[in-house]
Amino acid sequence: METFNINRFWCTLRWYVLENKNTFFKWFCGVGLAVMAIGTFFMFMLNDHPNDPGAEKIIMGEMVGFSITLLFFSTIIVNSLVFTCITRKQRRTAFLMLPATNMEKYTSACIYAAVLCPLCLILAYLVGDILRMLVFAAIGQGWHSAVKEWWEMGGRDMRENLDLVLGMIWLGSTYILGATLLRKAPFVIVSAVHLLLVFLFAYIITKFFRHSGHISINIPYYAKTVGFLLLTVVNYCVGYWLFKRFQLITSKWTNL
């Protein structure tokens, strides 16, 4: 069983999703209710400015910003929890003993974390916003769609700025890589590493340009796009190399 088999992959992915169905459901309900609560709060703020298009635009923009921030952090947290379901010895044994190759197992876990979970959270966002609209429409408070507002505000930027999309995908891959290596607190540790690298980069740039009078770094669009894509591929390749070294009995902090 050295070659990648699509049928084994689908069976492995189904097993992984079923093992995480409770987590899936909890995140779906939690994000949906949180989006509904955030929307409700901002809609009550909107009631203080009736018939004011400017205030409505500002408040709707703030509501979308808070909701998207929630969605973003929820996504990277879920990415960092990709291997949580196999921390127990029994589940870990079942996963490692599945009749599938390491590539099929690792790909299943990555598809679950990088594709299915974000789609689940986006669906939860849509459901939460729709529920909030239905409630407010039923009590005569109007029909204000945060999804429509998001599409008008950020959808165009997301479509035009491929480097931004790839940057977010790369960021998610770093949390999946961290979860592949670490058993405990992968989100906290990876976030701390990111913050450290940001401060280190800022310090180096400041020291390098301190005599120039201004700091201006313009990275070409294509360089950022290709760079994020290559770094993402590197993260998944390193993650697969680590995954192949998974052990049934591991240390307290790592999966190796």
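Residues are numbered from 1 along each chain as its sequence is written, and side-chain values use heavy atoms, without hydrogens or water. Because the model is predicted, local features need pLDDT of at least 70 and side-chain atom pairs count only at pLDDT 80 or more, while totals for chains, interfaces and linings use all residues.

I begin with the helices. Helix α7 spans residues 162-181 and helix α8 spans residues 186-208; helices here are DSSP runs of H or I with at least four residues, numbered from the N terminus. The two pack at an angle of about 130°, with axes 9 Å apart.

Which residues of α7 meet α8? They are Trp-170, Leu-171, Thr-174, Tyr-175, Gly-178 and Ala-179, and their partners in α8 are Pro-186, Phe-187, Val-190, Ser-191 and His-194. Contact means heavy atoms within 4.5 Å.

I turn now to the cavity. A cavity is a set of points on a 1 Å grid over the protein atoms alone where a 1.4 Å probe fits but cannot get out, and lining residues have an atom within 4 Å of a point. The count is 1 cavity of 30 Å³ or more, and the largest cavity holds about 50 Å³ of space, a volume being the space filled by probe spheres set on the points. Its lining consists of Thr-23, Phe-24, Trp-27, Val-78, Tyr-112, Cys-117, Cys-120 and Leu-121. Helix α5 gives the most to this lining, with 4 residues.

How values were computed: Axes are lines fitted to C-alpha atoms, for helices over the stretch in contact, and angles run from 0 to 180 degrees between N-to-C directions. On a 1 Å grid over the protein atoms alone, a cavity is a set of points where a 1.4 Å probe fits but cannot get out, and a pocket is an open set with protein on both sides within 12 Å along at least five of seven lines; lining residues have an atom within 4 Å of a point.
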